[in-house]
Amino acid sequence: MSVNVSEFGSLNDGRIIHKYTIQNKNNVSASVITYGATLTEIWAPDKNGVFKDILVGFDDIEGFIERTDYQGVIVGPYANRIGNSTFTIDGTQYNLVANENKITCLHSNGEFNTAVWNAEIVDDSCVAFSYMSPDGLNGFPGNLKVCVKYSLNDENELKLEYSAVSDKKTVINLTNHAYFNLGGYDSGTILNHRITINANKYTPVDDFSIPTGETADVENTPFDLRNETKIGELIDADCDQLNFTGGYDHNFCINGYDGSVIKAAEVTDPESGRTLEVLTDLPGVQFYAGNFLKGVIGKSGVPMVKRSGFCLETQFYPDTPNHKNFPQCTFNAGETFNSTTIFRFSAK
Ligand code: GLA
């Protein structure tokens, strides 16, 4: 195990962005930069032991600032969407910045992912990133102290441990928005990858991608991914849900949610054999198939074409503050939010 620190780049105001790379005894490694606490690289072996970087992203800070579609970042204080950019806590209405269609609030108007985080090496397998979100920014109440610990073990598990505490009652929903391509970031689309999502239900959306409030059965729909399914198989099926979003971009309700860390999903690339398992203690996972990627230049000058990466964003359901029937994510002042997500890598 080791942690290595290097300079990644600098912002226009002169602040230096550092990169922390954790490597285990199998030579698997994960790199995170202080801009957005962003995962920039994951090197993992295929079934023949050939290593590739399986994260779609950028190799320069300009990419993350100017061309980003949330590649690898930590999203918060509220990941995903809030309908009409508003919610109410104890009778007080909070109005957020409507950064999408001038109607919905997506990914908190990009707050956490554009912040420069403090980094601290915890030990030779773990780096902790912390940030203080000021009261009222983008409309969210409370000064929110947040920490994300990234650690890697010799079982090739990359663990993300989130904690956050506010001085006002508020909503908290944190995720990582990594785009994976298990064939390597330069290997085309993920349509041939096989996915399994441990969910009998998902949350259908309206044409603004806001949940209708219903939790619907996946049975007999393209959202039935309970058995290994080729991502490309039904992604363009002609149904309202997929037409609204242009392909998979939906929250799945993880079976057996009880607050302990359980398996939510697994994806395999049949060519390389590389496999990703996602485990979490949160109730939902957004499966986003990279439908909006449209050719911006990424690592080594390789364009990110439509669906060249997929995201599995562990989360509370989108728009939870406006749906009392969803598992709730409102926390009292001084009450700590804690959550763990694990990305486990193997090859078969
Ligand atoms: C999330 C959303 C998508 C899209 C991406 C960023 O995953 O669910 O609809 O906005 O972020 O492009």
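A: By class, five nonpolar, four polar and five charged residues make up the lining of the largest pocket. Here Ala, Val, Leu, Ile, Met, Phe, Trp, Tyr, Cys and Pro count as nonpolar, Asp, Glu, Lys and Arg as charged, and the others, Gly among them, as polar. The model is predicted: local features need pLDDT of at least 70, side-chain atom pairs count only at pLDDT 80 or more, and totals for chains, interfaces and linings use all residues. Residues are numbered from 1 along each chain as its sequence is written, and side-chain values use heavy atoms, with hydrogens and water left out.

Of the 14 lining residues, Arg-81, Leu-106, His-107, His-177 and Tyr-288 lie nearest the pocket centre. A pocket is an open set of points on a 1 Å grid over the protein atoms alone, where a 1.4 Å probe fits, with protein on both sides within 12 Å along at least five of seven lines; lining residues have an atom within 4 Å of a point.

The residues around the ligand (a heavy atom within 4 Å of it) include Arg-81, Leu-106, His-107, His-177, Asp-249, Gln-286 and Tyr-288. Polar contacts are pairs of N or O atoms within 3.5 Å; within protein, one must be able to donate a hydrogen and the other to accept it, and residues adjacent in sequence count only if both atoms are side-chain atoms. An N or O atom in the side chain of Asp-249 is 2.3 Å from a ligand oxygen atom. For the side chain of His-107, the distance to an oxygen atom of the ligand is 2.9 Å, and for a polar side-chain atom of Gln-286 it is 3.3 Å.
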